[in-house]
Amino acid sequence: MLAEMNSRLRGLLLASHPAPSAAVTVLATVLFISAGNPARTCLIGALALLTGQLSIGWSNDLIDRRRDIGAHRTDKPLAVGSIEVATLRRACGTALVLSIPTSLGLGWRAGLLHLAAVGAGWAYNLGLKSRLGSPLPYLAAFAALPVIATEALPEHRLPPLWIIVAAGLIGAGAHFGNVLPDLPDDLAAGVRGLPQRLGSTGAAIGAGLLTLAATALVLLANPGWPAIAVGAGVLVLVAIGLHASIRGRRPAITFYLIMASAAGNVALIAASGALS
């Protein structure tokens, strides 16, 4: 029984798309903290983000189950039968339901905006992932994150526009990077969003350019040697990722470097003090 439970938990973890889910939860929580929210609000925000991301990750595998089986995706728990559909449906439904009160616990403004961001993730899973506009849900949801962080404050204020735009660019870049490890499997399964149509090299270049555009925007708004140093680090990470992708090496390397670059950009935003 213990082995069966461990297998089920492992299947749930893998089906949640753990790396992107954890990254979004942690980076957005950093925005909550840097905006000056009290510890209680930051905790509620983290729970809302986590449950929302879990529902998006699990719904992705549920919606794509037949497609993943047809494409022989060995990295998908549902496709290989290591977790039951009913189990994942219950987990997904529970996460989605829990995301509602935790989101509204931030106040109705921030709560409804976060639920709209979760809705954008579901819309991506339900069909936008195969459209030319596939980056739009990522762009919109990530652009909403700093707004959610500041709207959760008692004074309900908006962050500077440059932060909203930079966050959207970070999200769009993350979309292109996130596709890279699964691009061949996506094409085999018939998923043809914008990054898939561009191919691995085009998607890697798109991820790098969008990420660097976010870095440039942050640096223009907050010039200074510490920020320039971090920006240079982001440039190096993106360059290494692009080199790895163009040379045909493991695309997961590029994905993780883009994620690290996104973390660097969020750190720049948080360190700027513009949210507080």
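This is a predicted model: local features need pLDDT of at least 70, side-chain atom pairs count only at pLDDT 80 or more; totals for chains, interfaces and linings use all residues.
Close-up 1. Helix 12 spans residues 225-246. Its axis lies 8 Å from that of helix 13, and the two pack at an angle of about 165°. An angle over 145 degrees counts as roughly antiparallel, and helix 12 and helix 13 are therefore roughly antiparallel to each other. The crossing of helix 12 past helix 13 is left-handed. On the helix 12 side, the contact is made by Ala 227, Val 230, Gly 231, Val 234, Leu 237, Val 238, Ile 240, Gly 241, Ala 244 and Ser 245. They meet Ile 253, Thr 254, Leu 257, Ile 258, Ala 260, Ser 261, Gly 264, Asn 265 and Leu 268 of helix 13. By class, this contact holds 12 nonpolar and 7 polar residues, with no charged ones.

**Close-up 2. Helix 8 packed on helix 9.** The axes of helix 8 and helix 9 are 7 Å apart, at an angle of about 140°. The pair is therefore oblique. Their crossing is right-handed. Helix 8 contributes Pro 135, Tyr 138, Leu 139, Phe 142, Ala 143, Pro 146 and Val 147 to the contact. From helix 9 come Ile 163, Ile 164, Ala 167, Gly 168, Ile 170, Gly 171, Ala 172, His 175, Phe 176 and Asn 178. Of these contact residues, 13 are nonpolar and 4 polar, and no charged residue takes part.

**Close-up 3. Helix 3 alongside helix 7.** Helix 3 covers residues 39-63 and helix 7 covers residues 108-126. They pack at an angle of about 15°, and their axes are 9 Å apart. That makes the two helices roughly parallel. Helix 3 passes helix 7 in a right-handed crossing. The helix 3 face consists of Ala 48, Leu 49, Gly 52, Ser 55, Ile 56, Ser 59, Asn 60 and Ile 63. Helix 7 answers with His 114, Val 118, Gly 121, Trp 122, Asn 125 and Leu 126. The class count is 7 nonpolar, 7 polar and no charged residues.

**Close-up 4. The largest cavity.** Searching the whole structure gives 2 cavities of 30 Å³ or more. The largest has a volume of about 100 Å³. Its lining comprises Ala 23, Val 24, Leu 27, Ala 28, Leu 31, Phe 142, Leu 145, Ala 167, Ile 170, Val 266 and Ile 269. At least two lining residues come from each of helix 2 (18-34), helix 8 (135-151), helix 9 (161-179) and helix 13 (251-272). Helix 2 supplies the largest share, 5 residues. The lining has 11 nonpolar residues, no polar and no charged. Phe 142, Ala 167 and Ile 170 line this cavity and also belong to the contact of helix 8 with helix 9.

**Close-up 5. The second largest cavity.** This cavity has a volume of about 40 Å³. Ala 28, Phe 32, Gly 45, Ala 48, Leu 49, Leu 106, His 114, Leu 145 and Ile 148 form the lining. Helix 2, helix 3 and helix 8 are the elements giving two or more residues. Helix 3 gives the most, with 3 residues. The lining divides into 7 nonpolar, 2 polar and no charged residues. Ala 28 and Leu 145 line this cavity and the largest one as well.

Note on methods
Residues are numbered from 1 along each chain as its sequence is written. Side-chain values use heavy atoms; hydrogens and water are left out. Axes are lines fitted to C-alpha atoms, for helices over the stretch in contact, and angles run from 0 to 180 degrees between N-to-C directions. Helices (H or I, at least four residues) and strands (E, at least two) are DSSP runs, numbered from the N terminus. Angles under 35 degrees count as roughly parallel, over 145 as roughly antiparallel, 65 to 115 as roughly perpendicular and the rest as oblique. A crossing is left-handed if the near helix is turned anticlockwise from the far one by less than a right angle, and right-handed if clockwise. Contact means heavy atoms within 4.5 Å. Ala, Val, Leu, Ile, Met, Phe, Trp, Tyr, Cys and Pro count as nonpolar, Asp, Glu, Lys and Arg as charged, and the others, Gly among them, as polar. On a 1 Å grid over the protein atoms alone, a cavity is a set of points where a 1.4 Å probe fits but cannot get out, and a pocket is an open set with protein on both sides within 12 Å along at least five of seven lines; lining residues have an atom within 4 Å of a point. Grid points are joined across faces, edges and corners, and a volume is the space filled by probe spheres set on the points.
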